[in-house]
Amino acid sequence: MNIQFYNTLTNRLEPFEPLEPPKVLMYTCGPTVYDFSHIGNFKTFLFADVFRRFLQLTGYHVHQVMNITDVGHMTDDDVADATGEDKMATATMRVREAKKAGTLPDDAIGDPDDPYQIARYYTDAFLEDARALGIQVAYEYPENMPHATQHIDAMHSMIRALLDNGHAYVADDGVVYFSVQSFPEYGTLSGNSLDNLIEGSGGRVLSEHQAHKKHPADFFLWKPDEHHIMKWDSPWGPGYPGWHIECSAMSMKLLGRKVLDIHTGGEDNIFPHHECEIAQSCCATGNPQFARLWMHPRFLLVEGKKMSKSKGTFYTPADVYEGKVTGRPVHPSVLRFELIKTHYRTQTNFTQKGILDSANTVRRFNEFTQKVAGEADNEPAEIDNTHPVLKDFTEALADDLNMSVALAVVHAWLGQDLPDPHEALAVSKAIDSVLGITSQNGTADNTDLEAICNQIDKARSEKDYDTADRLRDELIEQGYEIRTTPEGTVAQKKLA
Ligand code: AMP
Ligand code: ZN
């Protein structure tokens, strides 16, 4: 089977050729833990998860590392030298406000002035969400999900190497900068040149601190700051690392090789984050390559627009589960499916209708799997990827993860008459090892609220009020509010 993916670095489809097959080393830029991750963030993380699961289905052994950014992400990080404040340091105010507004429980973060408590709280929230959504690497915490704050030494070593070999310098203001002019390839990933970075890009790399730098696009590796809320001793004074150096240092340290097979992140990571990662990694190691394949899924839109808090279209997974989008509770497997069902290089539009369609597909797939599992006494036949359905499914995904074609294969198969339940069960398990929409292969087996609400409605329509009342009472006991609406029963988690 020919496997090819689109490489942002070369702007074309390329055959997939890991350095040491079947091993695949994959690094995914992870969450910043100063707030809850939203469904857009999860779309990007789910892309990496589906990609990893597909490679596993085709026989690769994937070692994926995804970092937790608990320091260094700056308030103005879309400029190369990331001015502004460390976002973890600015979270304090927001946490206080959230507590006052009741969007964070009172006992959530005992001391909002302690950035480690803030990071701990949002890391736990992230892991819970990511596991419910079936993101495999979240089950490998902490081994494969390192906190940036626990790898400051590795960052120091890299900075020292860059200073020693002339790719970095200490400026008059004491800040350690990477010198972009020392790396002629700077700009290759994002299609920028040093000249257009100065003149164009709406002044994105220009900053008021330019005076200290050799080139306006130079970005900081270490910023000494005695008064900073999170700081570490260093040869360049107590301070904190730049965001980009975290990923370079942690990826090579944890994956154990200087050249990675795959590096992923959202499209806004291309510049400056990944451009800077390439520059400092190649210059520190002396290798012309850092990651061979760079993949960047497009952003998620909500009802056709950027997510916006003021327009009420900014959703966390919990918002979706509680029915803020559809008016009905949504199971994590439905959200997962909704976020993975389109091609990763098209902008996905998250809509109420989309969620309802996804709920139908997930229900159909689950009911089918349960039915054949029962008929086959849970014993799948032995098959491999040469099975005609799996062949079509994997070939679609082998073509730059073409999910729409892969799902068309699944839908066509579900519509067929399938005489052998053992074989059908094996096919469904293999498909679901990538989709991850049944609890056995992915999403957390949370209370399937929608299914229970449907059961209540069904019992009522059959005048089986004992069952309806029992199911309703069980939900109430678990902390849900139950309403009867013209569309049927709705259960919603009581908000604090
Ligand atoms: P952050 O926690 O802000 O570092 O973001 C985590 C990941 O989510 C990054 O890879 C971003 O590129 C990605 N991201 C941010 N906003 C969106 C969005 N609306 N849709 C998809 N991915 C996003
Ligand atoms: Zn990163």
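What spacing do the donors of the zinc ion (ligand 2) follow along the chain? The tour starts with that site.

This is a predicted model, in which local features need pLDDT of at least 70, side-chain atom pairs count only at pLDDT 80 or more, and totals for chains, interfaces and linings use all residues. Residues are numbered from 1 along each chain as its sequence is written, chains are lettered from A and ligands numbered from 1 in the order in which they are written, and side-chain values use heavy atoms, with hydrogens and water left out.

**Stop 1: the zinc ion**

Select ligand 2, then C29, C247 and H273. The protein donors are C29 (SG), C247 (SG) and H273 (NE2), lying 2.0 to 2.2 Å from the zinc ion. Their spacing along the chain is C-x217-C-x25-H. C29 sits in the loop between β3 (23-28) and α1 (39-57), while C247 belongs to helix α6 (residues 243-255), and this pair, 218 residues apart, links distant parts of the chain. Donors are N, O and S atoms within 2.8 Å of the metal (3.2 Å for Na, K and Ca); water is not among the atoms, so sites may look incomplete. Helices (H or I, at least four residues) and strands (E, at least two) are DSSP runs, numbered from the N terminus.

Are C29 and C247 buried or exposed? C29 counts as buried at 5% relative accessibility, and C247 is buried at 0%. Buried means under 20% relative accessible area, exposed over 50%, and partly exposed in between (1.4 Å probe, protein chains only).

**Stop 2: helix α11**

Select residues 388-398, which form α11. V389, L390, F393, T394, A396, L397 and A398 are buried there. These buried residues pack against β1 (4-7), α1, α12 and α13. Contact means heavy atoms within 4.5 Å. Just after α11, look at D400, which takes a positive phi of about 55°.

**Stop 3: α12 against α13**

Two packed helices are described by the angle between their axes and the distance between the axes. Select α12 (residues 403-414) and α13 (residues 421-435), which pack at about 155° with their axes 12 Å apart. Axes are lines fitted to C-alpha atoms, for helices over the stretch in contact, and angles run from 0 to 180 degrees between N-to-C directions. The two helices are therefore roughly antiparallel. Angles under 35 degrees count as roughly parallel, over 145 as roughly antiparallel, 65 to 115 as roughly perpendicular and the rest as oblique.

To see the contact, show M403, L407, V410 and W413 of α12 with A424, V427, S428, I431 and L435 of α13. By class, eight of these residues are nonpolar, one is polar and none is charged. Here Ala, Val, Leu, Ile, Met, Phe, Trp, Tyr, Cys and Pro count as nonpolar, Asp, Glu, Lys and Arg as charged, and the others, Gly among them, as polar.

**Stop 4: α10 against α13**

On α10, show F365, F368, T369, V372, A373 and E375; on α13, show P421, A424, L425, S428, I431 and D432. This contact has eight nonpolar, two polar and two charged residues.

**Stop 5**

T361 is found in α10 (residues 352-375) and is buried at 16% relative accessible area. Not counting residues up to four places away in sequence, T361 touches F337 and H411. Finish at A381, in the loop between α10 and α11, which is partly exposed at 28%. Leaving aside neighbours within four places in sequence, A381 is in contact with H422, E423 and A426.
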